[in-house]
Amino acid sequence: MASTRGEFSSRFGFLMAASGSAVGLGNIWGFPTNAATNGGAAFLFAYLILAFALAYPALMAELIIGRHARANAVTALRLISRSKRSRVLGTIVGLTGILTVSFILSFYAIVSGWMMAFFFDPLARLMGMDGLAKWLTQDAELRNSIFALLFMALTVFIISAGVKNGIEKWASRLMPSLIIILLLLILYVFTLPGATEGLRAYLVPDFSRIADPALLVDAMGQAFFSLSLGVGTMLIYGSYISKREDLPTIGGLVALLDVGIAVLAGMLILPAMYVALANGVEIFDATGGLIAGPGLIVSVLPALFATMSGIGLFVGVAFFALMTIASLTSSISMLEVPVAYGVEHHGLERRKAAIAIGSLIALISLVIVFNFDPLFDLVVTYTTEVSQPLLGFAFCIFVAWIWQRNDILSEIKQGSPEVESGLFWKIWPFYVKFICPVAILVVYFQ
């Protein structure tokens with residue numbers, strides 16, 4: 001069955017795919033500004049603790065369920081259920097996860113399309129096509145539609161090729177490229193006036209805020225959501241892991257990669273924002289907080305690149321290449337969730353499933369584009385702030401309260417025979433049973 005479904009051929013391939021799923025646009029623009037407005041390194045300290053104390057156990061829950069079931073989220077949750085009632089619940093949770101991740105991808109494709117448009121902007125200016133460059137950077141329905149469709153087409157192309165020749169192949173190329181571009185941009189930004197102030201805002205701790213409930217809730221939310229938890233992406237990737245792999249180790253490596261890239265992103269974004277401030281670009285909003293989200297990426301940083309004369313064009317190309325890669329590595333994991341369900345549950349051929357489901361999500365994207373004001377924030381809120389945390393809570397309940405403890409241990413021992421006597425098994429079951437569900441609910445109600 002494993003060979004029919006596909007399987008990651010190497011640990012490196014899985015790590016690149018899983019960390020690519022976790023490292024998305026939210027990590028690159030959300031984490032740095034979250035840190036800067038929540039006590040700098042005090043936020044970093046809280047985030048690092050919570051990422052491994054809370055997000056890692058929840059990540060392991062999805063990976064273990066996925067590898068055990070070797071199936072999509074609906075089938076996997078039904079398989080580990082012990083009663084008719086829990087099987088019905090598993091079906092509801094699995095299908096809700098598929099719907100949630102599909103709607104997340106529908107708005108994600110729009111924002112990712114903006115990244116692609118801004119990537120082509122400096123190239124157009126280099127070729128003297130100023131009219132095209134202006135069109136690429138204007139917020140217009142036609143531009144947003146074209147690039148959302150283009151981005152979805154790229155995502156469908158990769159997913160159509162399967163696990164080894166699609167997801168693993170492209171993640172193994174894109175993620176190293178992302179890290180190299182990120183490091184080069186950091187080194188360049190550090191040479192510019194104002195970068196030191198941004199680095200200070202990011203790394204100098206204000207420990208008087210470490211016990212601030214708002215800081216802890218923000219850090220907890222960032223840690224949990226940055227690992228793509230709750231919608232089945234890590235479950236489906238877990239289902240493609242070899243039985244020989246040591247799950248606690250590779251789960252830890254995924255968390256470490258995600259945290260490391262988020263911290264690196266902060267070392268680029270915050271210094272770049274203060275460089276922009278030194279060049280006369282406004283980086284604070286009307287309330288005095290740092291501009292975050294899409295406004296940071298499509299307003300503040302392009303304005304900075306425009307002040308850099310000739311070199312700004314090349315920096316702009318590199319930066320929006322980084323953003324496009326981050327978008328794509330996340331989007332392929334999102335589309336894989338409903339495609340895997342279509343292939344395994346309904347017997348669809350993979351390429352046809354990818355095209356059909358990708359087209360449907362693209363259609364939803366177009367509906368949002370042409371009704372942006374009423375729909376965009378609504379879809380974002382209900383998927384990421386309402387549905388996703390509740391799904392994460394449900395996954396913890398399934399693995400800790402419904403699935404048999406001995407079956408979980410047997411699954412982990414296939415790649416880690418000594419796990420029962422190690423620290424992981426002494427701590428993880430308690431965490432995922434009691435601490436993680438409570439933490440998720442705290443984030444949810446905040």
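**Close-up 1. Residue classes in the lining of the largest cavity.** This lining holds 12 nonpolar residues, 1 polar and no charged. Nonpolar covers Ala, Val, Leu, Ile, Met, Phe, Trp, Tyr, Cys and Pro; charged covers Asp, Glu, Lys and Arg; the others, Gly among them, are polar. The model is predicted: local features need pLDDT of at least 70, side-chain atom pairs count only at pLDDT 80 or more, and totals for chains, interfaces and linings use all residues. Residues are numbered from 1 along each chain as its sequence is written, and side-chain values use heavy atoms, with hydrogens and water left out.

Close-up 2. The cavity volume is about 100 Å³ (the space filled by probe spheres set on grid points joined across faces, edges and corners). A cavity is a set of points on a 1 Å grid over the protein atoms alone where a 1.4 Å probe fits but cannot get out; lining residues have an atom within 4 Å of a point. Met220, Phe224, Ala439, Ile440 and Val443 lie nearest the centre. Helix α11 gives the most to the lining, 5 residues. Helices are DSSP runs (H or I, at least four residues), numbered from the N terminus.

**Close-up 3. The second largest cavity.** About 70 Å³ of space lies here. Its lining has 10 nonpolar residues, with no polar and no charged ones. Among them are Leu185, Leu268 and Phe319. α14 supplies the largest share, 3 residues.

**Close-up 4. Ala22 in helix α2.** Ala22 sits in α2 (residues 11-22). Ala22 is buried, at 5% relative accessible area (buried means under 20%, with a 1.4 Å probe and protein chains only).

Note on methods:
Helix = DSSP H or I, 4+ residues; strand = E, 2+ residues; numbered from the N terminus. Buried < 20%, exposed > 50% of the residue type's maximum accessible area, 1.4 Å probe, protein only. 1 Å grid on protein atoms, 1.4 Å probe; cavity = no way out; pocket = protein on both sides within 12 Å on 5 of 7 lines; lining within 4 Å.
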